[in-house]
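Me: Hi! Could you walk me through a few features of this structure?

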Amino acid sequence: MIKMPAQSFQNPILAGYYPDPSICKAGEDYYIVNSSFAYYPGLPLFHSKDLLNWKQIGYAMNRPEQLNLDGAGVSRGLFAPSISYHNGTFYIVCTEVSKLGNFVITAKDPKGPWTNPVKLPQVNGIDPSLFFDDNGKTYIVFNSIPPNNVSMHDGHRTIRMFEFDPVNLKVIGEEKLLINGGTDMAKKPVWIEGPHFIKKDGWYYLICAEGGTGYNHSEVVFRSKSPEGPFVSYEKNPILTQRQLDPKRKYPITTAGHADFVEGKDGKWWGIFLACRAYGDDYYNTGRETFMAPVVWKNGWPEFDLGGDEVKYSYPINAKIDKKREAFNGNYHFKDEFDQSSLNVRYQFLRTVRNEWYSLKNKPGSLSLQLQSETASGRGNPSFISFHQPHLKGYAATALNFTPASENEKAGILLFQNEKVHYYLCKSIKEGKEVVELYKADSLVKSIPLNIQAGKEIYFKIEAKTDEYAFYYATQKDKWNVLMDHADAKYLSTKSAGGFVGCVYAMYATSNGKPSASQAHYDWFEIKNNDDMYK
């Protein structure tokens with residue numbers, strides 16, 4: 001029998017802002033869940049049969065009664081979920097940092113519906129994760145406060161655990177302290193977090209992130225013969241980091257950590273983790289993305305098998321690419337003609353949607369947005385439908401039919417990092433005449449008169465060029481005019497803007513604090529990736 005050559009997958013496996021990945025296996029299927037912060041619906045879910053072809057199947061929190069994000073800052077909301085499967089039930093534990101705290105939700109089918117959240121008030125911290133032992137016991141492990149809540153140094157945290165009742169969804173007994181500080185307290189380790197249990201060959205392994213979710217991020221491992229410890233740190237820790245590498249290397253991948261492990265059907269192990277595709281001095285606009293790499297076991301310890309020190313953009317895998325799939329990585333092309341009865345699952349809103357301000361029926365073949373007084377600079381739910389920026393180089397474009405009734409009314413395409421950091425390319429009117437405008441946050445950068453027939457479409461395009469953006473408009477398809485070139489991309493980077501999210505492109509319409517009866521109609525929306533590392 002001839003062994004066929006393996007296919008390769010491209011990293012990141014989920015391009016654009018998909019951070020804090022957790023994975024589980026259920027029979028022949030694999031599922032990933034990611035953090036979503038203040039975007040709604042919350043907790044995107046992905047399914048694969050082979051770890052190569054991933055499909056988004058929905059969100060775990062897609063009903064207002066499940067998830068109240070009202071007033072939450074963009075980098076608040078849902079942090080670091082963990083997904084598990086046991087005896088026919090799927091479990092997600094997570095932290096909603098603004099209102100709900102730690103909670104658990106369950107489903108028989110990962111496509112949903114998922115239950116309303118059950119609070120876990122005894123779990124004091126973030127990053128909870130469930131572990132179902134083979135002896136019938138279940139545990140919840142999490143990041144928490146230092147002993148007696150007294151920090152020995154900045155970033156001093158602990159990993160703690162309760163036994164857990166998976167039927168009544170509550171903790172049992174006393175809290176146990178598993179890890180104090182991290183791998184080596186003499187080195188003042190910071191931000192031990194993101195814990196996951198694995199049991200193999202009679203050992204309990206505890207994998208955790210350490211170093212903070214920035215440039216010094218890493219993954220470390222401990223083991224014990226008992227889930228209650230004592231846990232010993234692996235002498236070769238960290239098992240994953242990129243902090244030691246030359247920052248000037250070509251196409252750097254940085255910030256690697258927050259991993260979760262899964263065993264493939266062929267017995268090979270894999271680790272999924274967050275990392276960033278950086279440019280310049282560790283700037284990145286695509287946020288923290290989901291990567292994957294092989295894991296090997298050596299002398300009873302797991303190690304990432306990166307094929308050298310650097311996380312690679314491709315690894316071989318024993319599977320075949322489904323050419324009909326909707327891609328989430330590489331230089332893919334996405335175009336939505338809005339000819340379906342429901343919105344594509346990839347789009348997200350900003351905070352919980354409680355009113356029907358968008359429609360695919362008002363003007364068939366278009367996405368219609370009702371202008372609302374809410375703006376992207378506020379803490380409400382504006383008329384804003386977003387798609388994660390998946391590329392360093394590439395573009396987002398759209399066709400818009402919109403007749404503004406007053407100068408406060410605007411519709412177009414938004415390049416958004418947070419409430420205070422964004423660019424907005426839009427159509428409006430000034431002194432009775434239609435104009436194209438570009439805003440940087442709430443400041444008008446450029447405005448030009450628009451010579452276009454009433455009722456005619458206008459086209460907008462934002463091009464990413466690694467450390468710059470260019471903004472275009474057209475009154476005839478594909479005949480682009482440059483409104484502004486060489487706009488600073490670092491302004492939109494996590495390093496400059498702060499927070500935990502990446503940039504999104506959004507179809508966005510607003511009446512800026514005033515009531516409005518106007519609608520904006522988007523005929524199509526398109527994303528085209530053109531990253532050098534995939535050419």
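Reply: Happy to! First a term: buried means under 20% relative accessible area, exposed over 50% and partly exposed in between, with a 1.4 Å probe and protein chains only. This is a predicted model, where local features need pLDDT of at least 70, side-chain atom pairs count only at pLDDT 80 or more, and totals for chains, interfaces and linings use all residues. Residues are numbered from 1 along each chain as its sequence is written, and side-chain values use heavy atoms, leaving out hydrogens and water.

Me: Does E303 count as buried or exposed?

Reply: The cut-off for buried is under 20%. E303 has 13% relative accessibility, so E303 counts as buried.

Me: Which side chain meets that of E303 in a salt bridge?

Reply: A salt bridge puts a side-chain nitrogen of Lys or Arg within 4 Å of a carboxyl oxygen of Asp or Glu. Here the N to O distance is 3.9 Å, and the partner of E303 is K236.

Me: How many residues apart are R288 and D20?

Reply: Their side chains form a salt bridge at 3.4 Å, N to O. R288 is buried at 5% relative accessible area, and D20 is buried at 5% too. The pair links distant parts of the chain, with a separation of 268 residues.

Me: What is the strand order in the open sheet of four strands?

Reply: Strands are DSSP runs (E, at least two residues), numbered from the N terminus, and two strands pair if DSSP finds at least two bridges between them. The pairing is antiparallel, and the order is β2-β3-β5-β6.
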